[in-house]
Amino acid sequence: MIVFEDVTKDYKGGNHALKHVNLRIRKGDFVFVLGHSGAGKSTFIKLILREEQATSGRVLVDGLDLSVMKKRKVPYLRRRMGVVFQDFRLIPTMSVYENVAFAMRVTNIAEDKIKKRVPYVLGLVGLADKADRLPDEISGGEQQRAALARALVHSPQLIIADEPTGNIDPKLSVEMMELLKAINSVGITVVVVTHEVALAKRFGKRIITLDHGVVASDTAPAPMEDDEEVAAQ
C-alpha cells in the first residue's frame, strides 16, 4: 500500500526533513507513526498525499510511483484515500450531513448515491442522530467522528489520521482508536500519525518511530524486496 525506498526530503535552508527512509506498509495494516515535533511526521504525510515530492528516492502508494505521477493525476490519487486532520476542517456553515456530502459532490457523484451513502457512513461513526447539526452544535469528539465519516465516504482503501486525538480528551481518544480499529478490521489500511506514545502502545499495533528524519525504530519491520508492482502512469 505504501512504500518508501531510500526517501530523502530536503527543504530550502538545509532542513533535512527525512533522511534515507525505507519502510513498507501493506494493505490491511494498522500502523502508528510516532515522533516529536520536527521528527518528520508532517513531511511523511505530505509525501503520501503528493503535496510534496521526495528530493531523492521513491514513494509508492497503492502501486503508483509518485515521483513520476503527472499533476493532473494527483486528485485521483487522493480520492483513493481518506484523511482525518487534527483541526477537523469541517465547514462551519454546513450541517454534519452536508459536510460529508460535500466531499462527494466535489467529485461529481450523483445525488442519489450521496443520499444513500452519507446516512450509512454517519451511522457507522455513531452520528445518525446528529446529521442536521452544525459543527459548533456538537462536541469535539463528535466533530472528529464527522471528519472520519467524511474521510470514509468515498470507500477508500487507506485512511490517514493526522494527530486525530489532539483536540479531544483521553477517553474520546480511546473511542476514536476503537473506531479506527473497526474500520481496519474490514481490510482498510489505517495509518495514525501521532506524538502520543502511551495511546499507541495501548493498542498493540505496529509502531514506526521517526526521530530527526530517520526511522529510529519499527516494531514490525517490513522487507523491501517484494515491492508492489508500479502501475503505469
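How many salt bridges does a search of the whole structure find? The search finds twelve salt bridges, where a salt bridge is a side-chain nitrogen of Lys or Arg within 4 Å of a carboxyl oxygen of Asp or Glu.

The structure is a predicted model, in which local features need pLDDT of at least 70 and side-chain atom pairs count only at pLDDT 80 or more, while totals for chains, interfaces and linings use all residues. Residues are numbered from 1 along each chain as its sequence is written, and side-chain values use heavy atoms, with hydrogens and water left out.

## Overall form

The protein contains seven helices and ten strands. These elements are DSSP runs numbered from the N terminus: helices are H or I runs of at least four residues, and strands are E runs of at least two. Along the principal axes, the C-alpha atoms fill a box of roughly 45 × 40 × 35 Å. The radius of gyration is 18 Å, which agrees with the value near 17 Å that a compact globule of 233 residues would have. This radius is taken over C-alpha atoms, and the globule rule is 2.2 Å times the number of residues to the power 0.38.

Of the 233 residues, 48% count as buried. Here, buried means under 20% relative accessible area, exposed means over 50%, and partly exposed lies in between, with a 1.4 Å probe and protein chains only. The protein exposes about 11,200 Å², and carbon and sulfur atoms supply 51% of that area. Accessible areas come from the Shrake-Rupley method with a 1.4 Å probe, and for residues only the protein chains shown count as cover.

Among contacts with a separation of 6 or more, 71% are accounted for by residues 24 or more positions apart. A contact means heavy atoms within 4.5 Å.

## Charged side chains

The protein has 33 positive and 30 negative side chains, and the centres of the two sets lie 4 Å apart. Lys and Arg count as positive and Asp and Glu as negative, whereas His and the chain ends are not counted. The place of a charge is taken as NZ of Lys, CZ of Arg, CG of Asp or CD of Glu.

| Pair | N to O distance |
|---|---|
| D29 and R206 | 3.8 Å |
| R80 and D62 | 3.0 Å |
| K181 and E178 | 4.0 Å |

D29 and R206 form a salt bridge. This pair links distant parts of the chain, 177 residues apart: D29 is in the loop between β2 (15-25) and β3 (30-34), and R206 is in strand β9 (residues 206-211). D29 is partly exposed, with a relative accessible area of 22%, whereas R206 is buried at 9%.

R80 and D62 also meet in a salt bridge. R80 lies in the loop between α2 (74-78) and β6 (81-84), and D62 lies in the loop between β4 (56-61) and β5 (64-65), so the pair ties together parts that are 18 residues apart in sequence. R80 is partly exposed, with a relative accessible area of 38%, and D62 is partly exposed at 25%.

A further salt bridge joins K181 and E178. These residues are three residues apart in helix α6 (residues 170-184), and therefore about one helical turn separates them. K181 is partly exposed, with a relative accessible area of 30%, and E178 is partly exposed at 39%.

Is helix α1 largely enclosed or largely exposed? Seven of its nine residues are buried, so α1 is largely enclosed by the rest of the structure. The buried residues are K41, T43, F44, I45, L47, I48 and L49.

Just after α1, R50 takes a positive phi of about 65 degrees, in a residue other than glycine. R50 lies in the loop between α1 (41-49) and β4, and R50 counts as buried at 11% relative accessibility.

N108 is not a glycine and has a positive phi of about 60 degrees. N108 is found in the loop between α3 (96-105) and α4 (111-124), and N108 counts as exposed at 71% relative accessibility.

## The surroundings of I138

I138 is found in the loop between α4 and α5 (140-152), and I138 is buried, with a relative accessible area of 8%. Not counting residues up to four places away in sequence, I138 touches V96, K130, R133 and Q143. I138 and V96 are 42 residues apart in sequence, and their C-alpha atoms are 9.2 Å apart in space.
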